[in-house]
2 protein chains.
Amino acid sequence: MTQPTDDPYLVISADCHAGLPNEQYREWLDPDVREAFDESIIARTRQQEMAAQGFLNTDFAEEWNAENEEGLRGGWDGERRDKELSADGVVGEVIFPDADSVTSGASAPFGAGLGSGSDTPPELLLAGATAHNRWLAELCATSPKRRAGIAVVPIIAGVDESVAEIRRAHASGLWGGILIPPMWQPHEPYHHAKYDPIWAVCSELGLPVHVHSGPADKASYGPHIGIYTTEVRFWSGRPLWFLIWSGAFERFPDLRFGVTECGAFWVNDLLWRMDLVYERDHGSQKLGEQLTSDMSMRPSEYFDRNCFIGASNTLRVEMARRYEIGVGNILWGNDFPHPEGTWPHTAEFLAEVFRDIPDDETAAMLGGNAADMYDFDVEALRPLANEFGPTPTQLGQRGPQSQADIEAKWADAKRAGRPWRTGIETWPRAAPAS
Amino acid sequence: MTQPTDDPYLVISADCHAGLPNEQYREWLDPDVREAFDESIIARTRQQEMAAQGFLNTDFAEEWNAENEEGLRGGWDGERRDKELSADGVVGEVIFPDADSVTSGASAPFGAGLGSGSDTPPELLLAGATAHNRWLAELCATSPKRRAGIAVVPIIAGVDESVAEIRRAHASGLWGGILIPPMWQPHEPYHHAKYDPIWAVCSELGLPVHVHSGPADKASYGPHIGIYTTEVRFWSGRPLWFLIWSGAFERFPDLRFGVTECGAFWVNDLLWRMDLVYERDHGSQKLGEQLTSDMSMRPSEYFDRNCFIGASNTLRVEMARRYEIGVGNILWGNDFPHPEGTWPHTAEFLAEVFRDIPDDETAAMLGGNAADMYDFDVEALRPLANEFGPTPTQLGQRGPQSQADIEAKWADAKRAGRPWRTGIETWPRAAPAS
């Protein structure tokens, strides 16, 4: 182990959002859908008013918007955006749609962003996505080294059209990958071969495919929004295991797939259960050959090779489970400019979560993994990191505890790794010598 | 702490199954549905043949059925059943439907058992359930102290009819509670007030309501059975959080609700997430008052008061999480006579899982919790337990390790309890003195 330095970390947020104030998307839309757009704006406003009745904490919304009025303009204003992110310690970002998660005031047209679903005519979904992508490419061009823009691609609305839009958006400068709707209903599920051209073009262009938290089985919840909060990770992350079990990563070994803002805490159990079923544990012996006929590796091996977690505001419990999830699979993000993220107080959150995490692992989760996944130009970003990045001291990683102390703390967990593979239990603690 | 004895544990399986060989249900059905029954038997045979193509390990099925031919008759033969359970160390049982989980050869008529769903006309579902319940009451009568029979009640097929059947089945001697379909689609979700009469009658009669693993979104999986194995716990356990968030346990404080054979390993994370959202953690501050307007307690408090987990074959990882799940909420089961359970090798499984679990907690999870939940006559079962129950020595709980050693091993985890409530982290281990 080399002597640790106190050089600032290079921090990349693998979960940021940008979007124009709703009405301003009009000029980015093809003229033939502008009338439908005007109608959709009226309908959306009505929806928002309804949503605010009981579902939204209006006091919170007012306070949030008042306190951060200037910063929130960074949702669409490039200069302001760089300033806010720098002040938050972030020098690179991956940009998803929909800047306003409180009152939906800056969302891609026709709901083509995070909530993308089948309740919109396909041609409007595609038109809305294209308009957002056009605008986003211009935003990214103002600071191209810092901004990995994600093209919104509602693949359920048409595979051929989507492939064309992926090529167009990529050529226009969106190099962060694509966002697909996590819910395919009522179309074919994502194990269907009809989607193979999507996986093929993204493999060819090196574009990670993403799902992002948002959609869920909302029609079933009635007024009970707590059910939504409990289930949303399932509905938004679900394509992950559909792709793994159906062999998508066997057919497309270069395909990369990310689950963003669904947390990471559930990944260890998911991998554990999938691996054990794959290897026909006691409860799975009755399953036939079809179980594994599309795969040549364990589910966790596909996950390590092809998948990643845009974990956003990582939690302490996720740090505890990181050797099972895979340190290299966790990509932190500040969720700028959403209030459920860490902006504009990222430094405090990081100090709480990373205070006893070894330097190399901190560097990976805060930026290194994202740099590798999205191919950020790290050399170009290094000067910004030196100016704005948090130091180990600022994260509480220095002081009375040495790096050796920190590593010793986690040694048993690291050695255990994925216990279902290694067989090593780290609990309960060893019995005291008697 | 009193000096530990080596008295055998009183073991109750909170997850067993019984069902007649399919054709034999004919005589238990009302005459007016027997013709439909004959047709359904033919259709079911065809379905089974299809299911066997790739989905079923036919070698395993043949071997299992050949090796256990006699014991499997315990699925419907009372005398054989007692003999098998006693030999397995089990003296009391909670009886769900569908004895054959390999080739579906002993399932309640019209699929009214574990797979109960909306693809069957309601009147046939109800008729099939009633036939099974009639037969089960007779099976239970042959050993009434040992057998808590569960009435199958497809409440989606009609609330009034279901209430009547619950009263009839209870009066006929089925005192274990009721099984409802975990999937309500396309009917109203279980937060709907239309189901209140069900919760009311079960509260009145002291009958726990159960969901049991089995149903899932099967239409979406194509040939990829691995997806089913990954999702089935979500679909089968889902009513749990629908009832909690919608205030069912607020309106019916005596209602008890169990999730059986879905494992227990996910419960700690579920409670953690629900509690934090309820208390409006950082990510939930934007949610409106509707979030908690149907509740007066935290989700974990309803869970502790009203809910339980029929955990079946408990796993080591579930032992590690038991203070978060709640030791009192975990009810072990051997899943007799299903091959994914522990019968006929329960002793070996118990020794693996419970080898370092304190006596009092072992006693609770293996039987005491079930005795309390279902009101088994423990005094009547004690002589059987003395004859057949496993001893602490047989579970590896004696020998070099003292009871104090065992308790010391888990002391930190026990002290931490539910860390989201106590704030106590048990990981990483304390840094070594420097």
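Two strands count as paired if DSSP finds at least two bridges between them. In this predicted model, local features need pLDDT of at least 70, side-chain atom pairs count only at pLDDT 80 or more, and totals for chains, interfaces and linings use all residues. Residues are numbered from 1 along each chain as its sequence is written, chains are lettered from A and ligands numbered from 1 in the order in which they are written, and side-chain values use heavy atoms, with hydrogens and water left out.

**The sheet**

- Chain A has an open sheet of eight strands in the order β1-β2-β3-β4-β5-β6-β7-β8, with parallel pairing; strands (E, at least two residues) and helices (H or I, at least four) are DSSP runs, numbered from the N terminus.
- At the edges, pairing on one side only, are β1 (12-18) and β8 (330-332) of chain A.
- From one strand to the next, the twist averages 30°.

- Strand β6 (residues 257-260) and strand β7 (residues 307-312) of chain A run parallel and are joined by four bridges.
- In this pair, A:F257 stands opposite A:C307 of β7(A).
- Helix α12 (residues 299-306) of chain A packs on the sheet, touching β6 and β7 of chain A; contact means heavy atoms within 4.5 Å.
- The direction of α12 makes about 70° with that of β7(A); angles run from 0 to 180 degrees between N-to-C directions, and axes are lines fitted to C-alpha atoms, for helices over the stretch in contact.

**Helices α6 and α7**

- Helix α6 (residues 159-171) and helix α7 (residues 196-205) of chain A pack at about 15°, with axes 9 Å apart.
- Residues making the contact include A:V159 and A:I166 of α6(A), and A:P197 and A:L205 of α7(A).
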